[in-house]
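User: I would like to learn how to read the features of a model such as this one, beginning with a single residue and ending with the whole chain. Could you take me through it step by step?

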Amino acid sequence: MALAIRGKEESERETARLIRDLDEMRDSHRMEISELRESHERDNDRWFNVIDEARLEAKASDKKAEQLTAQIDALRSEIADLKQAHASAIITSETEIGLWKTRCDAQTTENRTLEKQASPQKEH
């Protein structure tokens, strides 16, 4: 009977030791899980911050692209206006040159006529 009691006590001690070991393992695993969760949350926060920064940079780039596109459109419009004004100026200049040429031709013709009229008078 003493042997049975001793065996039972030893079995209870072994059971108690196993329970303590299991409790320690459980506590250790809980701490490890907690640390992993915290690490995961920090990593998530860091990646969310990186993503937010990238979104902000993308928005800023989009806005800058819109501004540059608007500037390009304005410059294209200004170039078109300048081309039209230049073409109009050329037409005006060519018209004025034509008028002056016509006047010069008329003056030349008048001068020749006067010279012809003056030539016979010189001979007399």
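**Reading a predicted chain**

Analyst: Glu14 is partly exposed, with a relative accessible area of 36%; that class lies between buried, under 20% relative accessible area, and exposed, over 50%, with a 1.4 Å probe and protein chains only. The model is predicted, so local features need pLDDT of at least 70 and side-chain atom pairs count only at pLDDT 80 or more, whereas totals for chains, interfaces and linings use all residues. Residues are numbered from 1 along each chain as its sequence is written, and side-chain values use heavy atoms, with hydrogens and water left out.

User: With which residue does Glu14 meet in a salt bridge?

Analyst: Side chains of opposite charge can pair when their charged atoms come close. The criterion is a side-chain nitrogen of Lys or Arg within 4 Å of a carboxyl oxygen of Asp or Glu. Here the partner of Glu14 is Arg17, at 2.4 Å from N to O, and Arg17 is itself partly exposed, with a relative accessible area of 33%. Because the two residues are three apart in helix α1, Arg17 and Glu14 are separated by about one helical turn; helices are DSSP runs of H or I with at least four residues, strands are runs of E with at least two, and both are numbered from the N terminus.

User: How many salt bridges does the structure hold, and where do Asp23 and Arg26 lie?

Analyst: The structure holds seven salt bridges. One of them joins Asp23 to Arg26, with the closest N and O atoms 3.1 Å apart; both residues lie in helix α1, three residues apart, which is about one turn of the helix. Asp23 counts as partly exposed at 31% relative accessibility, and Arg26 also falls in the partly exposed class, at 37%.

User: What is the distance between the closest N and O atoms of Arg46 and Asp43?

Analyst: For the salt bridge of Arg46 with Asp43 that distance is 3.9 Å. Arg46 is partly exposed at 44% relative accessibility, as is Asp43, with a relative accessible area of 33%. Both residues lie in helix α1, three residues apart, about one turn of the helix. Elsewhere, salt bridges that share partners join Glu14, Arg17 and Asp21 into one network.

User: Which residues form the nonpolar patch on the surface?

Analyst: A patch is made of residues with over 30% relative accessible area and no salt bridge, where like charges are joined within 9 Å and nonpolar side chains (Val, Leu, Ile, Met, Phe, Trp, Tyr) within 5 Å. In this model Trp47, Phe48, Val50 and Ile51 form such a nonpolar patch, with about 390 Å² of accessible area together, as given by the Shrake-Rupley method with a 1.4 Å probe, for which only the protein chains shown count as cover for residues. Val50 is found in helix α1, residues 2-123, and counts as partly exposed at 38% relative accessibility.

User: How many helices and strands does the chain have, and what is its radius of gyration?

Analyst: The chain has one helix and zero strands. The radius of gyration, taken over C-alpha atoms, can be set against a globule rule of 2.2 Å times the number of residues to the power 0.38. A compact globule of 124 residues would have a value near 14 Å, but the chain has 52 Å. Along its principal axes the C-alpha trace spans about 180 × 15 × 10 Å, and 0% of the 124 residues count as buried.
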